[in-house]
Amino acid sequence: MTVQKRGFLLFGIKKVSELTGVPEVTLRSWERRYKVINPSRSQGGARYYTKENIEDIIWIKKQKDERGITVRQAMDLLKEIKEMKVESTITGSSYEEHIEEILNFLTEYQTEQATKQINLCFSMFDFEEVFHHIFTPILHRVGYQWENGKLSVAQEHFICNFLQRRIFPFFHDLYADPMKPKAVALCAPEELHNVGLLLFSLFLKRRGIDVLFLGQSTPTESLLPLIHLNNVQLVCISITMEESISQVETFISDLLSKGTNIDFVIGGAGAKFLSEPMQKYRLKGDLENWKKWLNSRSKL
Ligand code: B12
């Protein structure tokens, strides 16, 4: 059954099952188990799904069927994306307007307009605010839209590179305190997602800590000489793709077994898959959490 409510089309579970190819019983069990896709209910208890609900179901099915991701992992990812959207609406509609404008311009390769809009953001907000509350949600949405077939790979690459080019100059323009210990920042082996790592490196450098930024897919065996020669005291690692977790863990255990007095911090969406003993190095959350973490580090 399909009904209209406050201008929105709503679909009954039978129709949704037909449209998505997901059996009704599975739809009910996903709702009960993960609580991420929540249709509204009629007074009689019948479920009514919005168009967005249906898109989300198709997205979850695609993750499971084509990418071999478990339903649990796909639901976690979807939840993160939804929370980012809610957060940007709560923290001020002003961010949301910029997010949409910039994303629209970049999707259409309108570089001049996007540049102007980004410049406006830098004039209105602190640069870390721009990166965390505007650039990061844009990139997360790009991922979601790419997954849904709404953005091409070319658009995804273009947008990511365009935004990265606006972040790097800040990193180079900041000066570190020579009296403070040094950090090294790297992505796990085979890991190409490096924007989160760049933001964390920028965070440290802004607070006086010099960061040797190694970036994407760094083979861990090459790091030991660098760490010793430069008196590095903190190793920052970013993991998005789960695959390299075990290599990262071996690297950390090796360094610790050599008696090195080094601290580690690991972030990125894949860090949730770290084993229990390694979870103590994981730093979750955003800027505010990072500030708390830094305050708790007397060495830094
Ligand atoms: C741009 C992008 C790419 C670019 C990356 C370019 C680059 N230079 O980084 C390219 C095109 C290379 C790419 C490739 C792939 N990608 Co990609 N990509 C993205 C996208 C759209 C944006 C990533 C990004 O920059 N986000 C913005 C940053 C700021 O956010 P973040 O990474 O979450 O970081 C935050 C925190 O996690 C944290 N953090 C991150 N690192 C660290 C480190 C430390 C120390 C700390 C403290 C914190 C921290 O701080 C940040 C601020 O909050 C995401 C979508 C998404 N949801 O992120 C998909 C996404 C990550 N990619 C995905 C996939 C599947 C792929 C590919 C497998 C695609 C393919 N079939 O080839 C490959 C894998 C490549 C590889 N081996 O790494 C999936 C991952 C799904 C999963 N893990 O299960 C995503 C989520 C897209 C999706 N919706 O499905 N990708």
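UniProt positions are given in the numbering used here, feature names are shortened, and annotations may be inferred rather than shown by experiment. With that in mind, the unreviewed UniProt entry places the feature "domain: HTH merR-type" at residues 10-80. Over residues 10-80 the chain is 65% helix and 11% strand, with end C-alpha atoms 24 Å apart. Helices (H or I, at least four residues) and strands (E, at least two) are DSSP runs, numbered from the N terminus.

The model is predicted: local features need pLDDT of at least 70 and side-chain atom pairs count only at pLDDT 80 or more, while totals for chains, interfaces and linings use all residues. Residues are numbered from 1 along each chain as its sequence is written, and side-chain values use heavy atoms, with hydrogens and water left out.

The domain assignment gives domain 1 (2-64), domain 2 (91-172) and domain 3 (175-295); such bounds come from an automatic or database domain assignment. Domain 1 and domain 2 have C-alpha centres 31 Å apart. Five residues from domain 1 and four residues from domain 2 take part in their contact, meaning heavy atoms within 4.5 Å.

Next comes the ligand. Its cobalt atom has a single donor from the protein, the NE2 atom of His193, 2.3 Å away. Donors are N, O and S atoms within 2.8 Å of the metal (3.2 Å for Na, K and Ca); water is not among the atoms, so sites may look incomplete. His193 sits in the loop between strand E5 (182-187) and helix H9 (195-206).

Around the ligand there are 33 residues, each with a heavy atom within 4 Å of it. The closest are Glu190, Leu192, His193, Asn194 and Ser238. Polar contacts are pairs of N or O atoms within 3.5 Å. In one of them, a backbone N or O atom of Glu190 lies 2.8 Å from a ligand nitrogen atom. In another, a side-chain N or O atom of Gln164 is 3.1 Å from a nitrogen atom of the ligand. Elements that give two or more residues to the shell are helix H7 (127-147), helix H8 (153-173), H9, strand E7 (232-238) and strand E8 (263-267). H7 gives the most, six residues. Domain 2 and domain 3 each supply at least three residues.

Notes. A polar contact is a pair of N or O atoms within 3.5 Å; within protein, one must be able to donate a hydrogen and the other to accept it, and residues adjacent in sequence count only if both atoms are side-chain atoms.
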